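Visitor: Please take me closely through one part of this structure, residue by residue. Give the cut-offs for your terms as you go.

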Amino acid sequence: MKIFLDTADIEEIRIAARWGVLDGVTTNPTLYAKVGGSYDDVLREICQLTSGPVSAEVVAEDVEGMLVEGRHFARLAPNIVVKVPMSEEGLEAMSRFAEEGIKTNCTLIFTANQGLLAAKAGASLLSPFVGRLDDINEEGMTVIRELVAIIELHDLESEVLAASIRHPRHVTEAALAGAHVATLPFKVLQQMVRHPLTDKGIKTFREDWDKARKAAADKEPEKAPVRQN
Ligand code: E4P
């Protein structure tokens, strides 16, 4: 499963890229509002930090407006994917973008049927929102499972991107459900790295090493194990 970062924060993207785990980035107007500045500049900078897909979301609600915004984004960098909301207008816009060779990510998907329609309209990425469904007492991961099954059963080309991920368990479940991608807030990525037993183990190994080194040095100073740091 590919891992995207769900953020417009350049520093977070830089860090994930350095860790070697970053396959792409998703942004949306809310995430962009948190960092401000020029959306175009932010997108260009993100596209330099990853060669993977970078989703840029349109805010127009009519087809022509979506096309204008999306074509503009697509000119910013070769790895831009235009994010289009699920709606009648969104389907038409995604179909037109597909004809023009512009990749799209259909966002705000809450049912497998919406995902199926977006796949048929030519979206490369289908983004069901897991966390927002959980928030209203529905089972967000069910949509991921159903959509992955539909894509595989009917040999469709779109990829399922688990969005609105709220915690590390969502990531594990999305991976087990066969999601092609999960997009994560940076905090969830950090939570995935850590485990109290890992932290405790690192501390104990270090302490035992220091103890052994001290004992060896006390006994035979010239044969004590040497560390570079
Ligand atoms: C990603 O493409 C979505 O915009 C994002 O995951 C939504 O997450 P939220 O429900 O936490 O806002």
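Guide: Leu 108 belongs to strand 5, which covers residues 104–109; strands, like helices, are DSSP runs numbered from the N terminus (at least two residues of E for a strand, at least four of H or I for a helix). The model is predicted, with local features requiring pLDDT of at least 70 and side-chain atom pairs pLDDT 80 or more, while totals for chains, interfaces and linings use all residues. Residues are numbered from 1 along each chain as its sequence is written, and side-chain values use heavy atoms, without hydrogens or water.

Although Leu 108 is not a glycine, its phi is positive, at about 60°. Most residues other than glycine have a negative phi. Leu 108 counts as partly exposed because its relative accessible area is 31% (buried is under 20%, exposed over 50%, partly exposed in between; 1.4 Å probe, protein chains only).

Ser 164 also has a positive phi, of about 55°, and is not a glycine either. Ser 164 sits in the loop that joins strand 7 (159–162) to helix 9 (168–176). With a relative accessibility of 11%, Ser 164 is therefore buried.

One of its polar side-chain atoms is 2.7 Å from an oxygen atom of the ligand. An N or O atom in the side chain of Lys 83 is likewise 2.7 Å from a ligand oxygen, and for Asp 6 the distance from a side-chain N or O atom to an oxygen of the ligand is 2.6 Å. The ligand on its own exposes 340 Å², and the protein buries 84% of that area (Shrake-Rupley method, 1.4 Å probe).

Which residues are around the ligand? Asp 6, Lys 83 and Ser 164 are among them, together with Thr 26, Asn 28, Phe 129, Arg 132, Ala 163, Arg 166 and Thr 183 (a heavy atom within 4 Å of the ligand). By residue class, this shell has 4 charged, 4 polar and 2 nonpolar members (Asp, Glu, Lys and Arg are charged; Ala, Val, Leu, Ile, Met, Phe, Trp, Tyr, Cys and Pro nonpolar; the others, including Gly, polar).

Two members of the shell, Thr 183 and Thr 26, have side chains in polar contact with each other at 2.6 Å (N or O atoms within 3.5 Å, one able to donate a hydrogen and the other to accept it; sequence neighbours count only through side-chain atoms). Thr 183 is part of strand 8, residues 181–184. Its relative accessible area is 1%, so Thr 183 is buried.

Ser 158 counts as buried because its relative accessibility is 4%. A polar atom of the Ser 158 side chain lies 2.8 Å from the backbone oxygen of Ala 123.

Two C-alpha separations remain. Ala 77, in the loop between helix 4 (63–76) and strand 4 (80–85), is buried because its relative accessibility is 10%. Its C-alpha atom is 20 Å from that of Thr 107, which is 30 residues away along the chain. Arg 18, in helix 1 (residues 10–19), has 63% relative accessibility and so counts as exposed.
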